[in-house]
Amino acid sequence: MLTQFKNIMILSKDLEEDSINISSFLGFKETSNLNIPELGFKSSVYELLNSEVHLLSIIADEINVYENPFECEHKNESIFAICLGSNDFLNDYKKFSELGLNPSKINSGFYEDRDKVKQEIRFFSFPINKTCDLRILISEASEIQIRDNGEDVITKINQVVVYSSEMESLKELFESKLGIRLALDQEFDFGQGKIRMMFFRIGGVTIEIVEDTKIDKNSYSGIGWHCDSISLNHKRLSKRGFNISPIRKGRKEGTLVSTIKDAPLSVPTIIIGPDKE
């Protein structure tokens, strides 16, 4: 079954420059680098307490990596994909095939970890089609390295936001086929009419799906980042020149939030922390 939100993949047009920018935002440098020519990509990896961020640079024919053409809408800096971890990789591959999700062949490659030990990476993806036009990868669940970088850094991914006009299709995909827990399915009115929202929870991360009937395709549309001290992170980000909003009360009781208007790689960004007062 799927048990882990392994990583979020953000497309980079300039890996060196974008690594500097996202390091400045997160508060720490990349923890490792992947360079797997046989799979057609390289990436800078940032380890968080519940997941990883991969800055992805395509270095070969994209079809070799995902068996789906690299659609033109992904050529801009954007959220490219999410990767979920399975604790029973081969059986899940078989199950998803039987459920009609038509997974790609299992791709594999090798890389050296931080200790220069050779490691294998295996994953598959689902085809981009009308049933699911979100890029989702499935890999093997792995142990998360506990890191203590202090209170003035980003520590976790809190949520990934998806805008969708096909709420029932995504509900069937995530809940019935992928087996991810549906924590909430409710309508809200934030002053501009009612909108339906669904929260799916996996590995301490929320996949937040927001209904938007005006769009014709689903899209990853933003990231919520967790920090242990929003005041310290707000101070750090302000000093580094980010256009960050004043701290305010979050919609969830006991939280404080702040948004960044010029976040790295043009990804809509909100940081969330506990209200300790």
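I began with helix 3: its buried residues pack against strand 1, strand 5 (79-86), strand 7 (118-125), strand 8 (136-140) and helix 4 (167-177). I took contact as heavy atoms within 4.5 Å. Helices (H or I, at least four residues) and strands (E, at least two) are DSSP runs, numbered from the N terminus.

A note on provenance: this is a predicted model, where local features need pLDDT of at least 70, side-chain atom pairs count only at pLDDT 80 or more, and totals for chains, interfaces and linings use all residues. Residues are numbered from 1 along each chain as its sequence is written, and side-chain values use heavy atoms, with hydrogens and water left out.

Which residues of helix 3 are buried? I found Phe89, Asp92 and Phe96 in helix 3 (residues 89-98); buried means under 20% relative accessible area, exposed over 50%, partly exposed in between (1.4 Å probe, protein chains only). They cover an arc of only 60 degrees around the axis, so they lie on the same side of helix 3. That arc is taken from the directions from the helix axis to the C-beta atoms. Lys94 and Glu98 are exposed on the other side of helix 3. Just past the end of helix 3, I noted Gly100 with a positive phi of about 85 degrees.

Next I looked up the sheet. It is open, with 8 strands in the order 2-3-4-1-5-8-7-6 and mixed pairing; two strands pair if DSSP finds at least two bridges between them. Strand 1 (residues 2-11) and strand 4 (residues 52-58) run parallel, joined by 5 bridges. In strand 4, His54 is the bridge partner of Met9.
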